Amino acid sequence: MLTGLNIAVIGGDARQLEVIRKLTELDAKLFLIGFDQLDHGFTGAAKLKLGELRFEEIDVIILPVPGTNLEGLVDTIFSNEEVVLTEELIARTPPHCVIYSGISNSYLNGIIQETKRELVQLFERDDVAIYNSIPTVEGTIMMAIQHTDFTIHGSKIAVLGLGRVGMSVARTFSALGAKVKVGARKSSHIARIIEMGLQSFKLEDLEKEVTDADICINTIPHQIVTAKVISKMPPHTLIIDLASKPGGTDFKYAEKRGIKALLAPGLPGIVAPKTAGQIVANVLSSLLLEEFSKRKGPSS
């Protein structure tokens with residue numbers, strides 16, 4: 001149980017509701033910032049404005065999956081309040097305060113470094129990423145069906161990258177009867193692609209490998225689907241970019257050429273917010289239980 005632990009949940013979307021539900025079940029004391037328009041009430045959770053929160057008493061801060069933007073603004077789907085997380089606010093927390101976020105950026109990294117607090121990026125963890133690949137794949141299938149006039153079965157699909165998402169995407173589209181080829185750089189990834197029974201290619205050969213692609217699915221978070229690559233695609237090709245913003249595609253050139261290109265980060269939170277929230281909640285609660293038991297250990 002997390003009895004006696006003071007947790008501030010600052011902003012977020014429907015996924016955070018599962019986190020709140022799980023932590024209230026574990027008897028943590030929750031302070032919810034950016035949830036004033038939420039009708040649902042949670043026992044043991046108090047809705048506050050940012051200025052009302054006593055940061056000096058907070059043991060844990062939970063941010064939304066995107067963390068903050070580059071100005072410190074936190075997404076608040078359930079509130080019109082503008083919530084900005086500043087270095088001054090974090091500095092008021094006890095030295096043992098841990099901040100949990102899905103991902104980070106230069107702004108968040110900067111205030112964490114200045115305040116010498118601990119930041120845990122949940123989406124850097126293999127378990128969270130692998131669990132999240134399931135709703136990501138389902139969302140990708142949905143987008144492929146919605147934005148094409150042909151079946152997935154029999155279509156030619158190029159998947160770029162064999163990370164945790166790329167592997168799940170490639171395997172699932174292949175199981176649906178698509179002709180899947182996967183591009184990677186590492187020789188170990190090429191070996192894994194072949195072991196999976198799929199066609200492999202080196203990413204440096206991408207330009208010639210997309211000449212017959214019906215769908216191109218990118219999972220690599222830097223620009224790889226360049227104007228040169230797009231210029232070699234058939235006019236009907238659909239690009240689905242699953243990489244984090246701003247994606248790995250030259251969207252302006254794709255539009256200019258008349259090729260439909262969709263940036264689709266955060267699919268789990270869009271297509272299956274309940275499941276995506278439960279994934280985060282389960283991993284987060286395990287981490288907090290482990291951390292809280294360590295803190296209590298010496299005095300118990």
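**Why these labels?**

Trainee: Why is Ser-101 called buried?

Mentor: Its relative accessibility is 0%. Buried means under 20% relative accessible area (exposed is over 50%, partly exposed in between; 1.4 Å probe, protein chains only), so Ser-101 counts as buried. Bear in mind that this is a predicted model, where local features need pLDDT of at least 70 and side-chain atom pairs pLDDT 80 or more, while totals for chains, interfaces and linings use all residues. Residues are numbered from 1 along each chain as its sequence is written, and side-chain values use heavy atoms, without hydrogens and water.

Trainee: Why is Asn-218 called buried?

Mentor: Asn-218 has 0% relative accessibility, so the label applies to it as well. Its side chain has a polar atom 3.0 Å from the backbone oxygen of Ile-220. Asn-218 lies in strand S12, residues 215-218; strands are DSSP runs of E, at least two residues, and helices of H or I, at least four, numbered from the N terminus.

Trainee: Which residues does Asn-218 contact beyond four places in sequence?

Mentor: Among them are Leu-160, Ile-240, Leu-242 and Gly-248, where contact means heavy atoms within 4.5 Å. Asn-218 and Leu-242 are 24 residues apart in sequence, yet 5.9 Å apart in space, C-alpha to C-alpha.

Trainee: What makes a set of residues a nonpolar core?

Mentor: They are buried Ala, Val, Leu, Ile, Met, Phe, Trp, Tyr and Cys residues joined through side-chain atoms within 4.5 Å. The largest such core has 31 residues, and Ile-7, Tyr-100 and Leu-288 touch the most other members. Elements giving it two or more residues include strand S1 (6-10) and helix H11 (273-296); H11 gives the largest share, 8 residues.

Trainee: Which residues come closest to the centre of the largest pocket?

Mentor: That pocket holds about 1,600 Å³ of space. Of its 49 lining residues, Ile-103, Leu-242, Ala-243, Ser-244 and Pro-265 are closest to the centre. A pocket is an open set of points on a 1 Å grid over the protein atoms alone, where a 1.4 Å probe fits, with protein on both sides within 12 Å along at least five of seven lines; lining residues have an atom within 4 Å of a point.

Conventions
Grid points are joined across faces, edges and corners, and a volume is the space filled by probe spheres set on the points. A polar contact is a pair of N or O atoms within 3.5 Å; within protein, one must be able to donate a hydrogen and the other to accept it, and residues adjacent in sequence count only if both atoms are side-chain atoms.
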